[in-house]
Amino acid sequence: MRTAFITGITGQDGSFLAEQLLARGWRVVGLVRRSASRNLWRLSSILEQVDLVDGDLLDLGSLIDALREYQPEHVYNLAAQSFVATSWRQPLLTGDVTALGAARLLEAVRIACPAAKVYQAGSSEMFGLSGTGIQDETTPFHPRSPYGVSKVYAHHLAVNYRESHNMFVVGGILFNHESERRGVEFVTRKISQAVARIAAGKQQELHLGDTTVRRDWGFAGDYTRAMYLMLERDTPEDFVIATGESWSVQCFAERAFAVANLEVSNHLQHDPKLLRPAEIPSLCGDAARARQALDWAPDCSFDRLVERMVEADLERESR
Ligand SMILES: NC(=O)c1ccc[n+]([C@@H]2O[C@H](COP(=O)([O-])OP(=O)(O)OC[C@H]3O[C@@H](n4cnc5c(N)ncnc54)[C@H](OP(=O)(O)O)[C@@H]3O)[C@@H](O)[C@H]2O)c1
């Protein structure tokens, strides 16, 4: 049986990827960090089918031990301090986990299982103020947050391990992808949860920062499918994964409120305290290379994504 090792398995993407790998007949091993109460809700339907191993991206020894033991064929580095806003409040932790954590993982693979194929989770936040209307694999990076800077370091290091150690390492440059499993701190889920709570009479207002910001939003399950396709190729190459459509936060909110037959203007408050120290006004990706080389395309439309997130939160709030 083929074995995949996933860091960040308890996160949004880790849970979708694990389900997809299991469905393909893989053995799935997930790295889980120590905490007083483990964050396993996203894995509830597959907990019996995955192997969870203790470890942390901050601890090189734990990574080497786990990789030595399981000798995976695929390694997906999805773990990160992944929330942009937190990266200004905790820039050193973000760098340690998101940037140096990737370095530790690459070192651990080099030492313990150098033939493994490695996926490094890069982000459209690396483009930042790219100065172009649409970004692809050739667009220069100009990150605008400690998170984006950390991802740029990790991406360049992934490319460097490929070039200097002859390892199979790919950098996925994924634009925002969401789902009903998104953490509630992220703006899309913050909106869908607020809509459901307002519909249930548990909340009156939704406070947001800059709602003119535009992002290219896809569905997480479509994007984890692309990660797998990148590792199933014969040659390692970096790919942008995106829908090619860009929508404002305002637009996301309008559609989300409409799903619950609510009027956004009755509930949305603009809160200057939520503005970021440096913003990226707009991101929109061109995934032409992935469409051609991976035969990848997103299945879920923007409208359907908003709908499924709001419907899931309406269901949660009605319990
Ligand atoms: N979702 C997007 O739109 C997007 C776009 C581009 C790139 N990315 C990147 O893609 C990856 C997956 O995203 P996601 O949305 O699934 O993120 P997520 O839901 O925030 O999950 C992050 C995962 O990292 C784990 N983690 C955090 N610190 C760790 C540490 N020190 N050691 C080991 N594990 C640690 C978390 O574990 P706990 O459960 O214990 O907290 C969680 O499993 C991330 O690297 C993210 O930065 C995401």
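Ala, Val, Leu, Ile, Met, Phe, Trp, Tyr, Cys and Pro count here as nonpolar, Asp, Glu, Lys and Arg as charged, and the others, Gly among them, as polar. With these classes, the shell around the ligand divides into 9 nonpolar, 10 polar and 5 charged residues. The model is predicted, and local features need pLDDT of at least 70, side-chain atom pairs count only at pLDDT 80 or more, while totals for chains, interfaces and linings use all residues. Residues are numbered from 1 along each chain as its sequence is written, and side-chain values use heavy atoms, with hydrogens and water left out.

A residue is near a molecule if one of its heavy atoms lies within 4 Å of it. Of the 24 residues around the ligand, Thr-10, Asn-39, Asp-56, Ser-82 and Tyr-147 come nearest. Some polar contacts (pairs of N or O atoms within 3.5 Å) can be picked out. A polar side-chain atom of Ser-82 is 2.5 Å from a ligand oxygen, a polar backbone atom of Gly-11 is 3.0 Å from a ligand oxygen, and an N or O atom in the side chain of Arg-182 lies 3.1 Å from an oxygen atom of the ligand. Taken alone, the ligand exposes 900 Å², and the protein buries 90% of that (Shrake-Rupley method, 1.4 Å probe). Helices (H or I, at least four residues) and strands (E, at least two) are DSSP runs, numbered from the N terminus. Helix H1 (12-23), strand S5 (117-123) and helix H5 (146-165) each give two or more residues to the shell, and S5 has the largest share, with 3 residues.

Next come the aromatic rings. Rings of Phe, Tyr and Trp (its six-membered ring) pair if their centres lie within 6.5 Å; planes under 30 degrees apart count as stacked, over 60 as edge-to-face and the rest as tilted. The whole structure holds 11 aromatic pairs. In one of them, Phe-127 and Phe-141 are tilted, at 5.5 Å centre to centre and 45 degrees between the planes. Both lie in the loop between S5 and H5, so their pair ties together parts that are 14 residues apart in sequence. Phe-127 is buried, with a relative accessible area of 0%, whereas Phe-141 is partly exposed at 26% (buried means under 20%, exposed over 50%, partly exposed in between; 1.4 Å probe, protein chains only).

The rings of Phe-252 and Phe-302 have centres 5.8 Å apart and planes at 75 degrees, so this pair is edge-to-face.

Terms used: A polar contact is a pair of N or O atoms within 3.5 Å; within protein, one must be able to donate a hydrogen and the other to accept it, and residues adjacent in sequence count only if both atoms are side-chain atoms.
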